Amino acid sequence: MYNDRDLEEFSNANNLVKMLKMYPEFNENTLDVTFNKGESFFRKDAHRYCYLVKKGYFKVNAVTEQGNQFLMLTEAGHIIFFPLYYSFIFNDLVATALEEAQCLRIESEFLKKVIALEDPHNHVALQYLTQVSRRFYSSLALISLSSKQRVVYTLIELVDTFGRHTKASIIELPSFVNYDTIAEFARCSRSYTVSALSKLRKQNVISSKKSGWTILNEKRLREEDHGQNNQLLWKK
């Protein structure tokens, strides 16, 4: 069994890059790439590569007959489309940059080779599976909640995962947070999301200006009945 600290210590992004740079073919098998806001790439089109996020945020959706279904968010330090399987599966997944993002594109075969030689206990793969399973759990947990609970639940998780404290009780959220993204993540319509959060706006619990979303009263936000313990979602 492994604890989070052990996995993170060995398999964090900095250590992974150091491991890759030990090999002389690093430069020919990696490339720094920039994705503009809204740019996407499919798993099926990117099976040759995986992407280590260096800066910015991505959402990962599943493209089904019913449309795009949000699955999870990923941020700096995480790998998108880790080459966990030799066969091509989950080809219906698509990653989309939520703002300008920078990644290290890695040839999948090169990464497999390095990990096989330098990580015989599969710490990197286990860390990836841990991250993904926690994020997928959040998608499953939403199913049991009412529409209003999903909206508040999603907002609290964005605070816990991406919020930045600027003052004692004030938290700034990333620039991608708005009514559209909260509605998508909570699987609600935009109009309903605006309505569900109107009470919190009027009570000065949240500020939803175009310049950025801010939590003005974290304690009051957490008092909202979101129906679940929120310690397991979207965490690293």
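Biologist: Is Asp 32 buried or exposed in this model?

Modeller: The model is a predicted one, and in it Asp 32 is exposed, with a relative accessible area of 51%. The cut-off for that word is over 50%.

Biologist: Which residue does Asp 32 form a salt bridge with?

Modeller: Let's take the general idea before the case. Side chains of opposite charge can pair when their charged atoms come close. Here the partner of Asp 32 is Lys 54, and the closest N and O atoms are 2.9 Å apart. As for Lys 54, its relative accessible area of 45% makes it partly exposed.

Biologist: How many salt bridges does the structure hold?

Modeller: There are 10 salt bridges. One of them joins Asp 160 to Arg 222, with 2.3 Å between the closest N and O atoms. Asp 160 sits in helix H6 (residues 147-162) and Arg 222 in helix H9 (residues 218-222), so the pair ties together parts that are 62 residues apart in sequence. Asp 160 is partly exposed at 21% relative accessibility, and Arg 222 is partly exposed at 30%.

Biologist: Which residues are linked with Asp 160 in a network of salt bridges?

Modeller: Glu 218 and Arg 222 are linked with Asp 160 in that network.

Biologist: And where do Arg 190 and Asp 180 lie?

Modeller: These two side chains meet in a salt bridge, at 2.9 Å from N to O. Arg 190 is in helix H8 (residues 190-202) and Asp 180 in helix H7 (residues 179-186), with the two residues 10 apart. Arg 190 is partly exposed at 44% relative accessibility, and Asp 180 is partly exposed at 46%.

Biologist: Happy to move on to strands. What order do the strands of the open sheet have?

Modeller: Again, the general idea leads. Strands of a sheet pair through backbone hydrogen bonds, either parallel or antiparallel. In this case the open sheet has 4 strands in the order E2-E7-E4-E5, and the pairing is antiparallel. Strand E2 (40-42) and strand E5 (67-74) are the edge strands, each pairing on one side only. From one strand to the next, the twist averages 25°.

Biologist: How many bridges join strand E4 to E5?

Modeller: Strand E4 (residues 58-64) is joined to E5 by 7 bridges, and the two run antiparallel.

How values were computed
Residues are numbered from 1 along each chain as its sequence is written. This is a predicted model: local features need pLDDT of at least 70, side-chain atom pairs count only at pLDDT 80 or more; totals for chains, interfaces and linings use all residues. Side-chain values use heavy atoms; hydrogens and water are left out. A salt bridge is a side-chain nitrogen of Lys or Arg within 4 Å of a carboxyl oxygen of Asp or Glu. Buried means under 20% relative accessible area, exposed over 50%, partly exposed in between (1.4 Å probe, protein chains only). Two strands pair if DSSP finds at least two bridges between them. Axes are lines fitted to C-alpha atoms, for helices over the stretch in contact, and angles run from 0 to 180 degrees between N-to-C directions.
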